[in-house]
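Subject: Structure handover

Hello,

Here is the structure I promised to pass on. Please open it and keep it beside this email as you read.

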Amino acid sequence: EGEHVTGIMYWNWFERSDANPYIPAEIIKKYPDSKDDYEHEAWDKNGVYYWAEPLLGYYSSYEYWVYRRHAQWLANAGIDAIFLDYTNNDMTFVGPQNVLLSAFHDAREDGIDAPKVSCYIFNARYAVDSLSAFYFNVIKNESYSDLVFMWEGKPLVCSPGRDAVMH
C-alpha cells in the first residue's frame, strides 16, 4: 500500500556463448566425489555454471531478444529498476550492457514500461573504474537517458563510500 519502488539485481555477464553450460547439482550427482574437490576432472575450467537451465535456454548476454523479453517480463512484474552487478571486479560488461540498453529503450519506445537501469558496485578497489564506465556509457549517453534510474532527481548508483575507495 502506498508508493514504493521495486528494484532487483540483474546479471548481464553471460558472455561465453562458446563455453559448455553445466549445472553443478548434475555434476555432483554423476561424480559425488567432486563435491568438495574443485580440482576434480568433472569441473570444466572453461565451462559456465548455472543453478538451472534458464527459461529461455542457455544464452549469451549479447542476445537482444533475450533482453527484450526480460524487459517485458520485468515490466509485467512491476519492477521499476534493475541494478547491474559490478560487485566482483572491474568488469562492467559494456558490450552486453549496450545490447541491454538498446532492447530496454526499444521496449519503452513500444509502450512497455521497461525498468530503469542502475548498478551496484561493491569492490572498492575497482569502484572508480566501474563508476566511470557506467557514468559515460549509461548516465551521460543521450540515447539512453530514458533508462537512467533517478532518485530525488539524481542518478542512483550503489557504491562503496568515498572513504572505502580512497584507502
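First, the ground rules. This is a predicted model, where local features need pLDDT of at least 70 and side-chain atom pairs count only at pLDDT 80 or more, while totals for chains, interfaces and linings use all residues. Residues are numbered from 1 along each chain as its sequence is written, and side-chain values use heavy atoms, with hydrogens and water left out.

Helix α2

Helices (H or I, at least four residues) and strands (E, at least two) are DSSP runs, numbered from the N terminus. Helix α2 covers residues 64-76. Its 13 residues should span 18 Å at 1.5 Å a residue, and its end C-alpha atoms are 19 Å apart, which agrees. The expected span is 1.5 Å times one less than the number of residues.

Several residues of α2 are buried, including V66, Y67, H70 and L74. Buried means under 20% relative accessible area, exposed over 50%, and partly exposed in between, with a 1.4 Å probe and protein chains only. Among the elements that cover these buried residues are β1 (7-10), β4 (81-86) and α3 (94-109). Just after α2, G78 takes a positive phi of about 80°.

The largest pocket

A pocket is an open set of points on a 1 Å grid over the protein atoms alone, where a 1.4 Å probe fits, with protein on both sides within 12 Å along at least five of seven lines; lining residues have an atom within 4 Å of a point. The largest pocket holds about 270 Å³ of space. Twelve residues line it, and Y10, W11, Y59, H70 and W73 lie nearest its centre. Both β1 and α2 give two or more residues to this lining.

For C119, the nearest cysteine sulfur is that of C158, 7.8 Å away. C119 has 0% relative accessibility, so it counts as buried. C158 is at 24%, so C158 counts as partly exposed.

H105

H105 sits in helix α3. Is H105 buried or exposed? Its relative accessibility is 18%, so H105 counts as buried. Leaving aside neighbours within four places in sequence, H105 is in contact (heavy atoms within 4.5 Å) with S143, Y144, D146 and L147.

Best wishes

Technical notes. A disulfide is a pair of cysteine sulfur atoms within 2.5 Å. Grid points are joined across faces, edges and corners, and a volume is the space filled by probe spheres set on the points.
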